[in-house]
Amino acid sequence: MDTVLPGGVRPAPHPFDRPARKTKSRLRLRCGDRTIPVAKLWPGGFSVDRDQPQLMRGFIDLFDGARHIRHGLVYQIGQDAAYVSYAFKTTRDPRLAQPADFARAPAVPVGLLPRR
């Protein structure tokens with residue numbers, strides 16, 4: 001049986017129709033003991049959903065599932081209605097030393113030898 005509705009009137013949604021599912025990202029940030037999902041990733045930064053816990057700046061680890069991709073310093077660069085964007089200074093190899101957000105002096109001693 002066909003039903004003809006006047007223009008501008010939509011039929012009620014069927015109870016078994018599902019809304020379009022948003023794909024879940026495997027990318028995660030670990031900042032201390034918090035884990036935050038990453039919505040978008042680009043070469044110089046990333047964005048997270050606005051309703052997630054916010055970072056101001058600090059040290060993070062970036063994971064793709066269980067694989068450790070990068071670690072580095074992060075700082076906020078902008079926000080809009082849905083996302084908060086961040087930029088980061090990273091090293092690709094997670095075993096390397098932490099990147100610094102300041103210039104290091106070239107002639108810094110490696111260690112201190114005690115006097116006898």
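Predicted model: local features only at pLDDT ≥ 70, side-chain atom pairs only at ≥ 80, totals over all residues.
Figure 1. Residues are numbered from 1 along each chain as its sequence is written, and side-chain values use heavy atoms, with hydrogens and water left out. Of the 116 residues, 23% count as buried; here buried means under 20% relative accessible area, exposed means over 50%, and partly exposed is in between (1.4 Å probe, protein chains only). The chain exposes about 9,600 Å², with carbon and sulfur atoms supplying 56% of it (Shrake-Rupley method, 1.4 Å probe; for residues, only the protein chains shown count as cover). Take the contacts (heavy atoms within 4.5 Å) between residues at least 6 apart in sequence: 43% of them join residues at least 24 apart.

**Figure 2. A look into the largest nonpolar core, with its 14 residues.** Such a core is a set of buried Ala, Val, Leu, Ile, Met, Phe, Trp, Tyr and Cys residues joined through side-chain atoms within 4.5 Å. Leu 29, Phe 46, Val 48, Leu 55, Val 74 and Tyr 86 have the most contacts inside it. Two or more residues each come from strand 1 (27-31), strand 4 (45-49), strand 5 (57-64) and strand 7 (83-91). Zoom in on Phe 46 and, leaving aside neighbours within four places in sequence, you find it in contact with Leu 29, Val 38, Lys 40, Leu 41, Val 74, Val 84, Ser 85, Tyr 86 and Phe 88.

**Figure 3. Strand 3 and strand 4 form a hairpin, with two residues between them.** The two run antiparallel and are joined by three bridges (pairing takes at least two DSSP bridges). Leu 41 stands opposite Phe 46 of strand 4. Strand 4 is mostly covered, with four of its five residues buried. One to look for is Ser 47, also in strand 4, which is buried at a relative accessible area of 2%. Beyond neighbours within four places in sequence, Ser 47 is in contact with Val 38, Ala 39, Lys 40, Trp 42, Tyr 83, Val 84 and Ser 85.

**Figure 4. Trp 42, Tyr 75 and Ile 77 make up a nonpolar surface patch.** Patch members have over 30% relative accessible area and no salt bridge; nonpolar side chains (Val, Leu, Ile, Met, Phe, Trp, Tyr) are joined within 5 Å, like charges within 9 Å. Trp 42 sits in strand 3 (residues 40-42) and counts as partly exposed, at 34% relative accessibility.

**Figure 5. Arg 26, Asp 64 and Arg 67 are linked in a network of salt bridges.** A salt bridge is a side-chain nitrogen of Lys or Arg within 4 Å of a carboxyl oxygen of Asp or Glu. Arg 26 and Asp 64 meet at 3.3 Å, N to O. That pair links distant parts of the chain, 38 residues apart: Arg 26 in the segment before strand 1, Asp 64 in strand 5. Asp 64 also bridges to Arg 67, with the closest N and O atoms 3.4 Å apart. Arg 26 is exposed at 54% relative accessibility, and Arg 67 is exposed at 52%.
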